[in-house]
Amino acid sequence: MNTLCVTGGRALRPDGRVERADVVIDRDAGTIRAVGAPNEVADATDAATETLDAEGSLVIPGLVNAHTHVAMTLLRGYADDKPLDAWLREDIWPVEAELTPDDVEAGAELGVVEMIRSGTTAFADMYFAVDRVADVVDRAGLRARLGHGAVTVGKDDAAAAADVEESLAVAAELDGAADGRIRTAFMPHSLTTVGEEFLREGVDEAREAGVPIHLHANETTDEVDPIVDEGGQRPIEYADDIGVLGPEDFFAHGVHVDGAEIDLLAESGTAVVHCPASNMKLASGMAPVQRMRDAGVTVALGTDGAASNNDLDLFDEMRDAAMVGKLAAEDASAVPAEAVVEMATAAGADALGLPGGRIAEGAAADLAVVDLDAPHLTPVHDLVSHLAYAASGHDVRHTVCDGEVLMRDRDVLTLDVEAVRERAAEAAAGVVARAEDAG
Ligand SMILES: N[C@@H](CCSC[C@H]1O[C@@H](n2cnc3c(=O)[nH]cnc32)[C@H](O)[C@@H]1O)C(=O)O
Ligand SMILES: [Zn+2]
């Protein structure tokens, strides 16, 4: 059998326990065959085709970045310190209008390299030129749920309809690409940037095709108020009315949600992707994460785009989620370490409907190996605490997805990091220059 063995380390199990264990991976199936004490799995480790050393390290599920716009790495640091609406309209959208498919590919490569280097093995992406993003995911070896973000406001009817059609077409065409590592979703940008009729039609078509739905919802009060003013309904009630809530759907943000909206999300099984850094940076607000979890909502974690974060490191997101979750609840016991670790792993995989998120027999072989031999991770009282509060993406030694090693001893094997950086820096300079000429 073609096996990859991760030996000598400890493993974080689905129930939150950490135990001394080797992990045996069936590379052909892309799944974990066994997790066990070294003597229990000695036969498999002796016969391994390939070994990854995890001495002094912790094996964790690959992290899941459940909401991002990966090519926005090109706009990292381009426009900071503004609220959402002004930031999008004055800075981001004018530059995005100049992005070519080549630029999107360059930005996606950069983002994917950053994610592999920080232990992320799966992500959800809303952008455009999605075929290029898919090509990068295919080459890089991660998993993703991808979609074309459709916007209808400010467009004539034909252009608006075409954008919605594009989102549906992309979802149909790319589903199952990269040997099944790529899945898709219909992605209307938000409940306010896509008009009601377009949203209704698109959602009906997505349901018919069996495609999940991903959008931005309840991110800022500026987004909530117009929906309440126009229809007398809260945004999630409006979404329910349109038929956009369901167990395969996942919404980004969910910052300004009231009790009735939380109940609707919980009852329908709609997941929420909490993006704490983006919410803090754009001063969007504090999501009621503890209340949502208490109500039974699946809450995952996302970085959002690198222009509002400004990195794609899920370790930062875990820490931010724990911190701002306590502030929001005015309770230091809210959103504890084990909750954010679960949000970044199993809940993320569940929200996206992708395999992974668990170091367990039969689960997808998506994992990261975190080096514990570092001053900032000394001493060890509680490794789950370290993951949430003390570790960072730089501590990841190896990254594995679908049974394949994507990074070994910090060396990314699937993409040439220096070439990716060079190409991305060039693309970013080019697009900003074109936007300045156009503006
Ligand atoms: N087809 C659309 C693009 C939609 S992609 C998704 C969009 O979400 C934008 N975006 C990034 N972060 C956020 C956020 O926090 N809230 C809302 N939109 C965001 C991003 O800049 C990108 O334009 C068009 O032609 O304009
Ligand atoms: Zn977003």
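This is a predicted model: local features need pLDDT of at least 70, side-chain atom pairs count only at pLDDT 80 or more; totals for chains, interfaces and linings use all residues.
**View 1. The shell around ligand 1.**
Ligand 1 is surrounded by 19 residues. The closest are Ile92, Gly149, Val151, His216 and Gly305. Helix α2 supplies the largest share, four residues. Sorted by class, the shell around ligand 1 holds eight nonpolar residues, seven polar ones and four charged ones.

**View 2. Helix α8 packed with helix α9.**
Two packed helices are described by the angle between their axes and the distance between the axes. Here the pair is α8, residues 235-242, and α9, residues 259-268. Their packing angle is about 35°. The axes lie 8 Å apart. From α8, the contact uses Ile236, Glu237 and Asp240. From α9, Glu261, Leu264 and Leu265 take part. By class, the contact of α8 with α9 counts three nonpolar and three charged residues, with no polar residue.

**View 3. The open sheet β5-β4-β1-β6.**
Four strands make up this open sheet, in the order β5-β4-β1-β6. The pairing is mixed. Which strands stand at the edges? They are β5 (31-36) and β6 (50-53). Each has a single partner strand, so one side of each is left without a neighbour in the sheet. From one strand to the next, the twist averages 20°. Within the sheet, β4 (residues 22-26) pairs with β5 in the antiparallel sense. Five bridges join β4 and β5. Valine 23 stands opposite valine 35 of β5.

**View 4. The open sheet β13-β14-β15-β16.**
This open sheet also has four strands, ordered β13-β14-β15-β16. The pairing here is parallel. The edge positions belong to β13 (214-217) and β16 (299-301). Why does each of these strands have one side left without a neighbour in the sheet? Each stands at an edge with a single partner strand. The twist in this sheet averages 30° from one strand to the next. For a detail of the pairing, take β14 (residues 250-253) and β15 (residues 271-274). These strands pair in the parallel sense over three bridges. Alanine 252 stands opposite valine 273, which lies in β15.

Note on methods: Residues are numbered from 1 along each chain as its sequence is written. Chains are lettered from A and ligands numbered from 1 in the order in which they are written. A residue is near a molecule or strand if its C-beta atom, placed from the backbone, lies within 6 Å of it. Helices (H or I, at least four residues) and strands (E, at least two) are DSSP runs, numbered from the N terminus. Ala, Val, Leu, Ile, Met, Phe, Trp, Tyr, Cys and Pro count as nonpolar, Asp, Glu, Lys and Arg as charged, and the others, Gly among them, as polar. Axes are lines fitted to C-alpha atoms, for helices over the stretch in contact, and angles run from 0 to 180 degrees between N-to-C directions. Two residues are in contact if their C-beta atoms, placed from the backbone, lie within 7 Å. Two strands pair if DSSP finds at least two bridges between them.
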